[in-house]
Amino acid sequence: MAAQDDRWVDGMIDMLLSARNKKPGTPVDMSVQDATQLCNQSREVFMQQPMLLELGAPIKICGDIHGQYTDLLRLFEYGGFPPEVGSMVLNVVLSFEC
């Protein structure tokens, strides 16, 4: 990923994390084009990863949050935000509403 792409992704992460201190359910303003590009770039990263990850302890495993973005933010608040913590494995399905 090029430096320009890294800066764009960092900006998207900052924008998504801006919802941290807002009332649950407050929409995050993201265009369909940005959401699609973020999903495509994320997919590329995931596809480059091995099928089996050998992870060292300790590790935090979180269950399905049923697409609740505020719950995901809360888990990060409690457990630490990647990459500040060693590892966090999530079974997460987030939905984007347009």
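**A walk through the predicted chain**

The average pLDDT is 79, and 85% of the residues score at least 70. Among the elements, α2 has the highest mean pLDDT, at 89, while strand β2 (residues 88-90) has the lowest, at 59.

Helix α1 covers residues 3-17, which is 15 residues. From first C-alpha to last, α1 reaches 21 Å, close to the 21 Å expected at 1.5 Å a residue.

Which residues of α1 are buried? They are Val9, Met12, Met15, Leu16 and Leu17. An α-helix has 3.6 residues a turn, so residues three or four places apart point the same way. The contacts counted here are between heavy atoms within 4.5 Å.

The remaining figures describe the chain as a whole. Of contacts between residues at least 6 apart in sequence, 65% join residues at least 24 apart. Burial, taken as under 20% relative accessible area, applies to 21% of the 98 residues. The chain exposes about 7800 Å² of surface, and carbon and sulfur atoms supply 55% of that area.

Key. Residues are numbered from 1 along each chain as its sequence is written. This is a predicted model: local features need pLDDT of at least 70, side-chain atom pairs count only at pLDDT 80 or more; totals for chains, interfaces and linings use all residues. Side-chain values use heavy atoms; hydrogens and water are left out. Buried means under 20% relative accessible area, exposed over 50%, partly exposed in between (1.4 Å probe, protein chains only). Accessible areas come from the Shrake-Rupley method with a 1.4 Å probe; for residues, only the protein chains shown count as cover. Helices (H or I, at least four residues) and strands (E, at least two) are DSSP runs, numbered from the N terminus. The expected span of a helix is 1.5 Å times one less than its number of residues. pLDDT is the predictor's confidence in each residue, from 0 to 100.
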